[in-house]
Amino acid sequence: MASATSFYDFKPLDKRGQEVSLSDYKGKVVLVVNTASKCGLTGQYAGLEKIYKGITEKNPDDFVILGFPCNQFAGQEPGSNDDIQSFCQLNYGVTFPIMAKVDVNGDKAAPLYEWLKSEKPGLLGLKRIKWNFEKFLVSRDGKVVNRWAPTTTPESIEKDIIAEVNKKAA
């Protein structure tokens with residue numbers, strides 16, 4: 001989607017395979033995370049859920065996390081969309097949206113991820129996702145404002161997320 005100018009131009013699939021217009025999230029701060037259920041970093045689901053609940057408790061209409069399961073890293077997300085949903089809810093009590101499984105790198109990479117990587121390249125300008133649990137913070141106006149490595153814990157970025165949530169829409 002070369003003509004995309006903001007986050008809101010995309011329509012990824014939800015867990016049921018239905019398009020979700022990201023314009024539904026206009027005015028919200030969004031944390032986008034590629035996730036996996038069988039990864040050494042899977043425990044980050046707990047931190048993500050804690051942040052999600054904490055922020056949405058105080059600012060119910062201002063923040064959302066979107067999880068995008070991905071099986072591109074050592075086959076660490078082999079399950080179906082239903083398996084992934086069950087795993088997240090049973091093991092981590094995840095209440096934020098977990099979308100349909102996507103590719104984040106390569107020829108079949110989801111258009112949203114191609115855009116995110118071009119808007120906020122990684123270290124040394126690299127436009128690849130390094131591993132599961134890489135995180136992108138999108139502002140209320142649909143611009144990528146930050147990107148964190150997979151090993152960066154949700155707890156360590158909470159202050160940055162809250163600072164972005166506390167900025168009122170322009």
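In this predicted model, the largest nonpolar core holds 49 residues. Within this core, F7, L31 and F63 have the most contacts. The strands β1 (29-35), β2 (63-69), β3 (135-138) and β4 (144-148) each supply at least two residues of the core. The helices α1 (44-58), α2 (81-92), α3 (111-119) and α4 (154-166) likewise each supply at least two. In soluble globular proteins, nonpolar side chains tend to be buried together.

L31 shows how such contacts reach across the chain. Neighbours within four places in sequence are left aside here.

The strands form an open sheet. Its 4 strands follow the order β2-β1-β3-β4, and the pairing is mixed. The edge strands are β2 and β4, each of which pairs on one side only. From one strand to the next, the twist averages 20°. Strands of a sheet pair through backbone hydrogen bonds, either parallel or antiparallel. β1 and β2 run parallel and are joined by 7 bridges. In this pair, V30 stands opposite V64 of β2.

α1 lies across β1, β2 and β3. Its direction is at about 155° to β2. α4 lies across β1, β2, β3 and β4. α4 runs at about 10° to β3.

Backbone angles were also examined. Most residues other than glycine have a negative phi. A74 and F133 call for a closer look. The phi of A74 is positive, near 55°, although A74 is not a glycine. A74 is placed in the loop between β2 and α2. The phi of F133 is near 70°, again a positive value in a residue other than glycine. F133 lies in the loop between α3 and β3.

Are these two residues buried or exposed? The cut-offs are under 20% relative accessible area for buried and over 50% for exposed. A74 has a relative accessible area of 61%, so A74 is exposed. F133 has a relative accessible area of 0%, so F133 is buried. A positive phi is thus found at an exposed loop residue, A74, and at a buried loop residue, F133.

Key. Residues are numbered from 1 along each chain as its sequence is written. This is a predicted model: local features need pLDDT of at least 70, side-chain atom pairs count only at pLDDT 80 or more; totals for chains, interfaces and linings use all residues. Side-chain values use heavy atoms; hydrogens and water are left out. A nonpolar core is a set of buried Ala, Val, Leu, Ile, Met, Phe, Trp, Tyr and Cys residues joined through side-chain atoms within 4.5 Å. Buried means under 20% relative accessible area, exposed over 50%, partly exposed in between (1.4 Å probe, protein chains only). Contact means heavy atoms within 4.5 Å. Two strands pair if DSSP finds at least two bridges between them. Axes are lines fitted to C-alpha atoms, for helices over the stretch in contact, and angles run from 0 to 180 degrees between N-to-C directions.
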